Number of protein chains: 2
Amino acid sequence: MTAPAASRRALLAGLAGALAAPAATGIARAADAPALRGTGDLGLVIERAAGAVLLVETTGRSRLARIDGLGDLSHASVCFSRDERYAYLFGRDGGLTKIDMLAARIDRRIVQAGNAIGGAISDDGTLVAVSNYEPGGVRIFDAATLAPVADIPAVDSRGNRSKTVGLVDIPFRGFAWSLYEGGEIWVADFWNRGNSPKLTRIFDIGRLPYDGVVTADGRHYVAGLFGEDALIRVDLWADSLKPERVLAGYGKGEAPLPVYKMPHLEGWAAVGDRLLIPAVGRHEVLVVDRERFAPVAAIPVHGQPVFIVARPDGRQAWVNFAHPLNDTVQVIDIPSLTVVHGFMPGPAVLHLEFTPRGHEVWISVRDADRVDIHETRSFGKVGEVAAAKPSGIFFTPRAHRIGV
Amino acid sequence: MTAPAASRRALLAGLAGALAAPAATGIARAADAPALRGTGDLGLVIERAAGAVLLVETTGRSRLARIDGLGDLSHASVCFSRDERYAYLFGRDGGLTKIDMLAARIDRRIVQAGNAIGGAISDDGTLVAVSNYEPGGVRIFDAATLAPVADIPAVDSRGNRSKTVGLVDIPFRGFAWSLYEGGEIWVADFWNRGNSPKLTRIFDIGRLPYDGVVTADGRHYVAGLFGEDALIRVDLWADSLKPERVLAGYGKGEAPLPVYKMPHLEGWAAVGDRLLIPAVGRHEVLVVDRERFAPVAAIPVHGQPVFIVARPDGRQAWVNFAHPLNDTVQVIDIPSLTVVHGFMPGPAVLHLEFTPRGHEVWISVRDADRVDIHETRSFGKVGEVAAAKPSGIFFTPRAHRIGV
C-alpha cells in the first residue's frame with residue numbers, strides 16, 4: 001500500500017525513516033498581536049521531521065514565526081486561499097490544517113482520513129479537496145469551515161477501492177485525479193452543482209497511474225504509469241474526454257524501475273512551447289514539445305533530476321538531483337538549452353521556489369538545516385533562513401495559479 | 001504636445017472632456033479601524049471624473065472603501081507593491097499616489113511632474129518609475145518613501161527633449177521606454193547599480209513611437225509607430241539590443257490614422273504561441289504568431305477592438321470596442337478562433353479585468369455608473385458594484401507579473 005506514497009514525494013522525504021524531533025529552535029509563535037500587513041510576499045517552509053512549518057516573507061528574506069503540532073508532514077503540500085491569508089496544509093496522516101498566516105496560528109485542523117497524499121483548492125476559493133489512500137478516494141471540504149462537502153470513494157469498474165493520486169484543481173470548481181490500482185482518471189465538476197459534482201470517469205488509461213499533473217492552462221491532465229513505458233494525457237477542453245498515450249518510450253532502454261524511483265510529475269517545467277522533464281533513470285533533462293509531447297532534445301546534467309523549476313520569466317530552469325548527488329543545483333539557459341551554472345548549496349537539496357517575478361530563489365538544504373536564498377541573475381547568495389530539516393517551500397502567489 | 005497622451009488611453013478617457021464631479025456616493029473612508037485581512041483578492045477601480053478610486057474585493061464581489069483627492073485620473077494606471085498591500089497610482093497630472101489598501105487611505109502623495117503617462121514597479125519592489133511628458137523623461141522613486149532615486153531626462157541624439165511613452169518594468173530592477181519625438185528606445189538597468197542605472201539606447205527605431213509593451217516573459221519590447229506601417233521589436237535577451245521591424249503592413253490598405261486612433265498596445269492578449277491584437281481601423285482581431293510576429297488569421301468582430309484580454313487559462317479572450325459600438329463585449333474561443341458569445345453590458349464599456357484564475361471578470365460600464373461581474377463559463381452576470389463613471393480596473397495579482 002505504500003508504493004504510490006513512496007513515489008510521489010520519495011525524494012522530498014529523503015532516505016531516512018522517521019527522524020528524531022529537532023532541537024528546540026527558540027522561536028515562539030507570533031499569535032498574540034497579529035500585524036496589519038500584506039500577504040502577497042508570505043510563504044511556508046515545511047519542517048518535515050518536526051511536524052512544523054515556518055512562516056516566512058520574501059521581501060526582507062526573513063522568518064516570521066513557527067507553527068507546530070501539524071502531524072506527519074513527510075509528504076506535505078500546501079495551497080492557499082484566494083486572499084492569500086490562509087494556507088491549507090495536507091499531511092501524510094490525513095491531517096488537513098488551515099493556518100491563519102496573519103495570526104501565525106492554526107485556524108482549524110481535522111484528521112480527515114488515515115492516510116493521504118496532497119490536496120488542492122478550487123478557483124473560486126470555496127472548496128478544498130484531499131486525495132486519500134485510506135480510505136481510498138477524494139474528500140471535499142468547505143474552505144472556510146473545513147466542514148465536509150462531498151465524499152467520493154474511489155471504487156473502480158471492478159468494484160474495488162483504489163488509492164487516489166495526482167489530485168489537481170482545474171477551472172470552474174473542478175478537480176481531477178487518478179485511481180492507482182483501478183487505472184482510471186476521474187474528473188469532478190462542482191460548477192453550479194452545490195455539493196453534488198458531475199463525475200466523469202476515463203477508463204483504459206493503462207496500469208497503475210502513480211502520479212498526475214495538469215498543465216498551467218488547466219487543459220491537459222497527464223498521468224504517469226508505473227512500469228509502462230508511456231504517459232497518459234487527457235485534453236480536458238475536448239467535448240468527450242479520452243485517454244491519449246504520449247511519450248511512448250519515455251523510459252526506453254532502461255530496466256523497469258521500482259515505483260519509488262519514478263520521477264515526480266510535479267518536477268516538470270513549462271517554458272514557452274516546451275516542457276522540461278526528468279529523464280527516467282538517466283542524468284538528463286528531457287525537452288519535450290508541449291503540443292505533441294514528442295522529445296526534441298536531451299540535456300546532460302549532473303545527476304538524476306528531481307525538480308526542474310522554470311524561473312517565472314522562462315529564461316532559465318533550475319534543477320536539483322536525487323541522492324547521492326543531491327548536494328548540487330544546476331541552472332539551464334533555455335534559449336541555448338545548456339547548463340550555464342552549477343553550485344553546491346550543501347547536503348540534501350530538496351526543493352526550490354522562485355519569488356513570483358523570478359528575481360530570487362529559495363532553496364531548502366535539508367541536512368544543513370538551512371534555506372538558502374540566491375539572486376538569479378549572477379547566482380549569488382543573498383540570504384538564508386534557519387530551518388530544522390526543511391523540505392517543501394510554498395509562496396502565496398500559488399493562490400493565483402491553476403493546477404498547483 | 002497632446003498626441004501620444006491622446007493615443008495611449010484615448011478610449012479609456014472617452015470622448016467627453018472634463019466631466020462634472022459626480023454626486024456624493026455616501027461611502028465613507030474605512031480608515032479608522034483597519035481590518036486584519038489578506039490582500040490577494042483586492043483591487044482598485046478608477047473613478048476618473050471624480051479623481052477617486054474604489055477599493056474592491058473579488059471574493060465577496062464588494063466595494064470596501066472609496067479614496068478621493070487623487071487629482072486628474074484621465075489616463076490613470078496602477079501597479080502594486082510585492083506584498084500586495086500598497087497601490088501606486090499614476091495620474092495624468094504628474095501625481096504619484098501610494099495608497100495603503102489595508103488602511104483604505106493615501107499613504108503618500110507627490111506631484112512629480114507637470115504631465116505624466118503611466119508607471120511601473122521593479123521586480124524587487126524597491127523602485128517605482130514614472131513616464132513624463134513634461135518635463136520629458138523618466139523619474140524613479142523609492143517605493144517605500146517616494147523619495148527621488150534617479151531622474152533620466154529624455155534627451156535624444158539631436159539634443160532635443162522628448163516625451164516618454166510605453167514605460168514598462170523588466171526583470172532585475174529594469175525599465176524600458178520609448179522617446180516619442182526622438183524615436184529611440186531606452187533600457188535602464190538598476191541591478192547592482194544603486195541609484196545610477198546602466199542606460200542602453202536603441203536608435204533608428206522609426207518615427208514617433210506612440211506606445212510600448214513588453215511580453216509577459218520580459219523578453220520582447222514592442223513599440224508602435226505613429227504613421228509607419230510596422231511595429232518595432234527588441235529582443236531584450238540578446239547580447240546586443242537591436243530594433244527589428246515586425247508586422248510590416250499592420251495598417252495596410254488604410255489611410256494613415258490620426259494618432260488618437262492608434263490602438264492601445266496594452267490591448268494585446270497572449271495565448272499560447274499566439275498574440276491577439278486589434279486590427280488597425282478594422283472590425284477585426286488580428287491573430288499573430290508570437291515568435292515571428294507574422295499574421296496567421298483575422299477574426300471578424302463587432303467593432304474596432306480596444307482591449308483584447310485573455311482569460312488567464314488562455315481558452316478565451318474577451319473584447320471591448322471603440323465608440324460608437326462600445327456598449328458591447330464579445331468572447332472569442334481560442335481553440336476555434338471564433339466568436340462564441342456577445343452581450344451588451346451597457347453604454348461605454350471601458351475596461352475588463354479577470355480574477356486571477358479566470359473564473360470571473362469585472363467590466364466597467366462607464367455611463368451606467370456600474371462595474372458588472374460575470375462568470376466566464378456560461379457568461380452569466382453574478383454581481384455588480386456601483387461606481388461613478390468607472391474606467392480602469394486593477395487587481396492585486398498584477399503585483400506578481402512582469403511588464404504590467
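## A hairpin in chain B

Let's start with one facing pair: Ile99(B) stands opposite Ile106(B), which belongs to strand β7(B). This is a predicted model, and here it shows strand β6 (residues 95-100) of chain B pairing with strand β7 (residues 105-111) of chain B in the antiparallel sense, over 6 bridges. The hairpin of β6(B) and β7(B) has 4 residues between the strands, and Ala104(B) takes a positive phi near 55° there.

## Salt bridges

Side chains of opposite charge can pair when their charged atoms come close. Over all chains, the count comes to 53 salt bridges.

In chain A, Arg245(A) and Glu228(A) meet through their side chains at 3.2 Å, N to O. Arg245(A) sits in strand β19 (residues 243-246) of chain A, while Glu228(A) is in the loop between β17 (220-225) and β18 (231-235), so the pair links distant parts of the chain, 17 residues apart. Glu228(A) is partly exposed, at 21% relative accessibility. Also in chain A, a network of salt bridges links Arg370(A), Asp372(A), Lys381(A) and Glu384(A).

Chain B has a salt bridge between Asp156(B) and Arg158(B), with the closest N and O atoms 3.3 Å apart. Are these two partners buried or exposed? Asp156(B) counts as buried because its relative accessibility is 5%, under the 20% cut-off, whereas Arg158(B) is exposed, with a relative accessible area of 56%.

## A negative patch on the surface

Both chains contribute to one negative surface patch, formed by Asp273(A), Glu291(A), Asp273(B) and Glu291(B). Of these, Glu291(B) lies in the loop between β22 (284-289) and β23 (295-300) of chain B. Glu291(B) is exposed, with a relative accessible area of 59%.

How values were computed. Residues numbered from 1 in each chain as written. Chains lettered and ligands numbered in written order. Predicted model: local features only at pLDDT ≥ 70, side-chain atom pairs only at ≥ 80, totals over all residues. Heavy atoms only, no water. Pairing = 2+ DSSP bridges. Helix = DSSP H or I, 4+ residues; strand = E, 2+ residues; numbered from the N terminus. Patch = residues over 30% accessible without salt bridge, like charges linked within 9 Å, V, L, I, M, F, W, Y side chains within 5 Å. Areas by Shrake-Rupley, 256 points an atom, 1.4 Å probe, with all protein chains shown as cover. Salt bridge = Lys/Arg side-chain N within 4 Å of Asp/Glu carboxyl O. Lys, Arg positive; Asp, Glu negative; His and termini not counted. Charge placed at Lys NZ, Arg CZ, Asp CG, Glu CD. Buried < 20%, exposed > 50% of the residue type's maximum accessible area, 1.4 Å probe, protein only.
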